[in-house]
Amino acid sequence: MKQKGVRSPAAKVSGLIYFGRMLDKIRANDRGDLSEDHTPNLGKGFDGSCCEFLGINYAELVERVRIGGSDEEILEWAFSRGRRPKSQDIHIWNEWMRKRGWNDEVTEVLQRRKKQSDFEKRDDIQTMFQYIDADEEIGTPA
């Protein structure tokens, strides 16, 4: 399912993966362009994990995004509002998120979604990020 205007979860904003995708989903939802498949999980799942990692409230982030500004400015707001992770913390976050669905508690969800999307034979899809990129036909960032 192609989702217009939402980047790969692996895309980075100031070195942090997933944050930019969360902002894209907030903006797309505000425009009425977000797929109905995405709306039930706004602020939950990976969004919730990212907000928890940063120590911010999702509803407050939505309000901040509505004010406007670049992704980097909004991330700086998040750092000042919640916490500013050290580079090692960001590395651990990035690697943990990048591998979600690979031999962990999310594996069952990944397998179910692969089946629903007719990707069961796609052995190249081993993580949720890979699934999202394939499902939304997003090129994986370098």
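**A stop at Thr-39**

Guide: Thr-39 is partly exposed, with a relative accessible area of 32%; partly exposed lies between buried (under 20%) and exposed (over 50%), using a 1.4 Å probe and protein chains only. By the way, this is a predicted model, where local features need pLDDT of at least 70, side-chain atom pairs count only at pLDDT 80 or more, and totals for chains, interfaces and linings use all residues. Residues are numbered from 1 along each chain as its sequence is written, and side-chain values use heavy atoms, leaving out hydrogens and water.

Visitor: Leaving aside neighbours within four places in sequence, which residues is Thr-39 in contact with?

Guide: Thr-39 sits in the loop between helix 1 and helix 2 (helices are DSSP runs of H or I, at least four residues, numbered from the N terminus). Its C-alpha atom is separated by 7.5 Å from that of Asn-29, 10 residues apart along the chain. Counting heavy atoms within 4.5 Å as contact, and with those neighbours set aside, the partners are Asn-29 and Leu-34.

Visitor: Which backbone oxygen does the side chain of Thr-39 reach?

Guide: We're still in the loop between helix 1 and helix 2. At 3.1 Å, the side chain of Thr-39 reaches the backbone oxygen of Glu-36.

Visitor: Which helix gives the most to the lining of the largest pocket?

Guide: Lining residues have an atom within 4 Å of a point of the pocket, an open set on a 1 Å grid over the protein atoms alone where a 1.4 Å probe fits, with protein on both sides within 12 Å along at least five of seven lines. Here 21 residues line the largest pocket. With four residues, the top contributor is helix 7.

Technical notes:
Helices (H or I, at least four residues) and strands (E, at least two) are DSSP runs, numbered from the N terminus. A polar contact is a pair of N or O atoms within 3.5 Å; within protein, one must be able to donate a hydrogen and the other to accept it, and residues adjacent in sequence count only if both atoms are side-chain atoms.
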